[in-house]
Amino acid sequence: MSVSRFASLGRIGLAVVASALFCGSAAAQSWPSKPITIVQGFPAGSGIDIIARIIQEPLEKTLGTTIIYDYKAGAGGNLASELVAKAAPDGYTYVFGTAGTHGINASLYKKLSFDVEADFTPVAPVVDVPNVLTVNPKVIDAKDVKEFIEILKKQPGKQNYGSSGNGASTHLGFAQFNVAAGIDLVHIPYKGSPAAIQAMLNGETCCQFAQLQTVLGQHKAGTLRLLGMSTSKRVPLLPEIPTIGETLPGFESVTWYGILGPKGVDPAIVAKFNATIKTVLDNKEIVAKLAGIGNAVRYETPEQFKATIKKDRAQWAEVVKKSGATVD
Amino acid sequence: MELFGQLAFGFEQALTPQNLLFCFIGALIGTLVGVLPGLGPVATIAMLLPITFTLPPVAALIMLAGLYYGAQYGGSTTAILVNIPGESSSVVTCLDGHAMARRGRAGAALAIAALGSFFAGTVATFIIAIFSGPLVWIASTFQSPDYFGLMIFGLIAAVVLAQGSVVRSIVMVLVGLMLGLVGTDITTGQSRFTFGIPQLSEGISFVALAMGLFGVGEVIANLARTFGKPEVQPVTSLWPNREEARRATPAVLRGTVIGSLLGVLPGGGALIASFGAYVIEKKWSRRPEEFGNGAVEGVAAPEAANNAGAQTSFIPLLTLGLPSNAVMALMLAAMTIHGIVPGPKLMVERPDLFWAMIASMWIGNLMLVIINLPLIRIWVMLLNVPYRWLYLAILVFCCIGAYSVNNSTFDVMVMALFGVVGYLLPKIGCEPAPLILGVILAPHIEENFRRSLVVSRGSWWIFLERPVCAGFLLVSVLFMIAVLLPAISKGREEAFRE
């Protein structure tokens, strides 16, 4: 091959690279030019949807485009993750991930067709969601975590706990609690938190870890009793509810919700989306709204968010191993 | 009164310009497909499913609901004026409605049908509003085995009450259940029955399946038969005379009651309601010899009944999540598309949607009276639409619709395949309606079945230990035995022949 030919090939290559770069930044500049789809792995009305609805309008206003929530419930959120992992990284398709879908599921499900780290572009987390140990007092009349553990120790394998799906943080959080408290309950997965809470209300399950915002109404009505928070400190919204850690020292199980795109989204778009989310999360009104249902804002840069997912994945793998949780 | 507060809230939602518009569009399209023979509401709703993706859920559901009861109005127009049922539930209206038209009383028959329908629709709206609350309360005590029993009962009852051979219908339900299980196992994430075809990993697209089975299938079936040039009876005065009004009023009342009851039953809906009302009206009449020769009651009762039945068949769907007929199965699919789970939680979580739908039914009925009575001549002109162009348009529309759901040519192929299936099934005496019920209920039945067994730690007795579930299963078995007994099955055949 002659030198000049090689050089011209090189020029073409450069031109291709340059135009690709140019296109990329041009796309980022005009982003968003059409509605953005964010897929949720749980049905409408679930814990994640409540948060998604709160940030929808301010996000739309700041971005200047519509946000469409697409509900693809099933397999602990894996159906939604798979869909987005295989979607085009054009900056218009994202998934609302959780510590469950992008931390727990990686070790809980043996055969995932995607990798929770390699196949996604983390954009930003949105909130920290406390799980709360909730019981139906008609099934188990326990006043606090201590009494709850005592009652259940006397009937191993008898009672059921519900969750919003296999691999959801409400599932693994309780599995972790089972191990820590030395009790034995059977796990019953439901499709999303509305169905799970309905089952707890009619006595099919006795109790569950619930995302705080999903049981506030029942707590006020007195039909469900909140025994303990899974956070390390008490939640400012309900300071009278102790943490589980006050009974079982060191116990903590928190979940986050955050937005991720498929692998290969233009970093300029990611930066722009991340900045938009930051603006929304800085909004005092939004902070107050989220706090009003017991959630704390959680903002991170894309790099920090990536590190969080890596850390959580390893941490939850440990929990899955210890608790012996499986998908059944 | 809490009820009036809730209804007022519903009207507030339903009277927004957007929802009014979609209510009107639904009523208009419904009248259109009702008037046109050979194109029913099931096919049309199936074809419109992909469009509802882009609409707000409330508007979409209001439109589809309007289409269903709108078709009941339109169907009677063709039945009375041309003696062809524009829609299957107006078959019986042909008998006396057309006889009235030949006697020069076409206008009166149309007015009685429309006003009777409006009255029935108004009553049915209140029935839904009143009975949904208590039903939701009962349903919220249902545990997994109870839901399993309820759905099995729903399927069996749908089979027993539907026309045609029970054995064949059961086969159709089973085929539907199997088709509904294709795709990813919801609890373990494993692929099932996909034969390695990646497009099947999310299951067979319900939209493509329904459009093929009902939309494409009906087009093929219609091409196979020929409609002669319709001979339209002229429309005279729209006002019934005093004698006609006097005879129609009690018949409308009876029709409304019968239709409302038959609509709520699984397998019920407009079709059974109109047949049931006609048979009872004829049996009770002091002048049975007039039936078939233009008896006013023979128009008033079934027309009121089919509209009442069309509306009350929403009750089991909205409160229990149980679709009672093919149209309701499609409504369930439309809700699922928008992530709405029909059932006891619907009323609590989406009161806006629940009450807006109910209020829109009344508004839609009012619109339909206006669309249908003064504008009757326009609808009659539509009967001259050249079908070869209409069918072409429908097929193109179906293809675009099936493709647009997932941007997938595979779904278009699925639709084409089920189009052929939908054409062939009636040829061998099988109805596609039980199949579609099986498809839509399969994942729910499986979920509740498996969960029940986890709760019971593997013991099958749980289905008999829960009284609600045991009750449903027992009634299902009794239904099956009853139908298979020769004496009763003979009577059932006769009832349908009438």
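Q: What percentage of the 328 residues in chain A is buried?
A: A residue counts as buried if 20 or more other C-beta atoms, placed from the backbone, lie within 10 Å of its own, as exposed if 12 or fewer do, and as partly exposed in between. In chain A, 49% of the 328 residues are buried.

Q: How should I treat the model and its numbering?
A: This is a predicted model, in which local features need pLDDT of at least 70, side-chain atom pairs count only at pLDDT 80 or more, and totals for chains, interfaces and linings use all residues. Residues are numbered from 1 along each chain as its sequence is written, while chains are lettered from A and ligands numbered from 1 in the order in which they are written.

Q: What is the average pLDDT of chain B?
A: pLDDT is the predictor's confidence in each residue, from 0 to 100. Chain B averages 84, and 94% of its residues score at least 70. Where pLDDT is low, the predicted coordinates should not be read in detail. For the complex, the predictor gives an ipTM of 0.70 and a pTM of 0.76.

Q: How many helices and strands are there in chain A?
A: Helices (H or I, at least four residues) and strands (E, at least two) are DSSP runs, numbered from the N terminus. Chain A has 11 helices and 10 strands.

Q: Why does the radius of gyration of chain A agree with a compact globule?
A: The radius is taken over C-alpha atoms, and the globule rule is 2.2 Å times the number of residues to the power 0.38. For 328 residues the rule gives a value near 20 Å, and chain A has 22 Å, so the two agree. Along the principal axes, the C-alpha atoms of chain A fill a box of roughly 85 × 45 × 30 Å.

Q: Which domains does chain A have?
A: Domain bounds come from an automatic or database domain assignment. In chain A it gives domain 1 (32-127 + 255-323) and domain 2 (130-246). Their centres, taken over C-alpha atoms, are 25 Å apart. The contact takes 27 residues from domain 1 of chain A and 26 residues from domain 2 of chain A; two residues are in contact if their C-beta atoms lie within 7 Å.

Q: How many residues of chain B are in contact with chain A?
A: 18 residues of chain B are in contact with 22 residues of chain A. Helix α19 (residues 432-455) of chain B gives the most to the side of chain B that touches chain A, with four residues.
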